[in-house]
Amino acid sequence: MRGAAAIAQGPAWREALEELARQLQPALEGEDEIDLAMLFASPQYQEGYVSLVEEAQKVTGARSLIGCSGQGIIGTGREIEGEPALSLMTLALPGAGIRSIHLSQDDIERCSTPEDWHRLTGVPAGDVNAWLIFADPFSLDAEKLLDGMSAAYPGTPLVGGLASGDSQVQRTHLFLDGQVYDQGAVALALSGSYTVRTIVSQGASPIGETWAITSAEGNLIRTIAGRPAYDVLVETLQALPPELYQRARTNLLVGLAMSEYREEFRRGDFLIRNLLGVDQASGALAVGAMTRVGQTIQFQLRDPSAADEDLRELLVSAKTELAGQEPVAALLCSCNGRGVGLFGTPNHDAAAMAEQLGPIPVSGFFCNGEIGPVGSQNFLHGFTASIALIVPQDQR
């Protein structure tokens, strides 16, 4: 098993691809067959996408190639924003099962049962360890896609992101096995000897205590611990140190626990969602998710410091769980609201991965939305870094 990744930039895609091939030459000339390639390309190259994807698959000789457009492109330890760039990863995965498919909105609408999904993808429920998914946000209902695939493949992680491109044009592109699509989604089932270990950094740090929701309706939380939810929020803020209070006032979110069967809640146990509004008269809070009575809630802070802390803590936990075993490679799907715009300096997420996990090959892009599991459930996120560490199956 072997992974390799390269990133290059330049005004012309041919020269950038030639540079990628030069960087990847040792892997491409090795004895191992390339089972999978991942390609991410800036929208500045879109006029040449068809030729680019064909050439990339020819250069790598990969059995399967998957990827998409991205307004920012990510490689090992490096992120290129606002400039034309390519990122290419090659993976030799002996014993892996790989099956890829393009899905349209019509395909999704026709699937009403798990069996429908199995027939559509050609992948039985017990024959997949993980799905990699890239989707166009303008032509496909991503939430419906994730709901359907999660029901069809229970407990299977879905990881990836929504493609991005020129922010002034509602158009993105998807790459799959020599083809280019401007609608739908591309998905790849990984089975056999490999799976993914996921890291979903939602960019938030918990503040205050954990509480139980005692009255809720839809996305409205009416009472927490038997008290008006707004009162608990105010109390939580007022108990913070002055510096933290100032940060939290304009960067406040909610964390909803995905399981109540824990003695202690930690980072990664909560689905982070926006606080949409408050009704001081009734004391209710409106949040960006459906809530339920008995669910544990904890208020969260999201700003550059919190996002940095969250990612690094999760990377340290992942490294500990891997117990010295090195991933073959990693896919990094980072929100287009992160990067320089959030952290003020380039390469934040990619550099943090390199610092904590070492020089494993990394490829990815800046997304319009990130796909990854929290607990055993798969979600579409925002402001998140969703990471898939490709590992042998017995390391899961």
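Guide: Helices (H or I, at least four residues) and strands (E, at least two) are DSSP runs, numbered from the N terminus. By that scheme serine 201 belongs to strand β13 (residues 194–201). The model is predicted: local features need pLDDT of at least 70 and side-chain atom pairs pLDDT 80 or more, while totals for chains, interfaces and linings use all residues. Residues are numbered from 1 along each chain as its sequence is written, and side-chain values use heavy atoms, with hydrogens and water left out.

Visitor: Is serine 201 buried or exposed?

Guide: Buried means under 20% relative accessible area, exposed over 50%, and partly exposed in between (1.4 Å probe, protein chains only). Serine 201 has a relative accessible area of 0%, so it is buried.

Visitor: Which backbone nitrogen lies 3.4 Å from a polar atom of the serine 201 side chain?

Guide: A polar contact is a pair of N or O atoms within 3.5 Å; within protein, one must be able to donate a hydrogen and the other to accept it, and residues adjacent in sequence count only if both atoms are side-chain atoms. Here the nitrogen is that of leucine 311.

Visitor: What does serine 201 touch, beyond residues up to four places away in sequence?

Guide: Contact means heavy atoms within 4.5 Å. Serine 201 touches, among others, Leu311, Arg338, Phe383 and Thr384. Threonine 384 sits in the loop between β25 (377–381) and β26 (385–392), and is buried at a relative accessible area of 0%. Outside four places in sequence, the contacts of threonine 384 include Val200, Gln202, Cys333, Cys335 and Glu370.

Visitor: How many aromatic pairs are there?

Guide: Rings of Phe, Tyr and Trp (its six-membered ring) pair if their centres lie within 6.5 Å; planes under 30 degrees apart count as stacked, over 60 as edge-to-face and the rest as tilted. The count is 6 aromatic pairs. In one of them, phenylalanine 40 and phenylalanine 365 have ring centres 5.2 Å apart and planes at 15°, so they are stacked. Phenylalanine 40 is buried at 0%, as is phenylalanine 365 at 0%. Phe40, Phe134 and Phe365 form one aromatic cluster.

Visitor: Which residues are buried in α3?

Guide: Residues three or four places apart point the same way because an α-helix has 3.6 residues a turn. In α3 the buried residues are Tyr49, Leu52, Val53, Ala56, Gln57 and Thr60. They fall within an arc of 125° (taken from the directions from the helix axis to the C-beta atoms), so they line one face of the helix. Just after α3, glycine 61 has a positive phi of about 65°.
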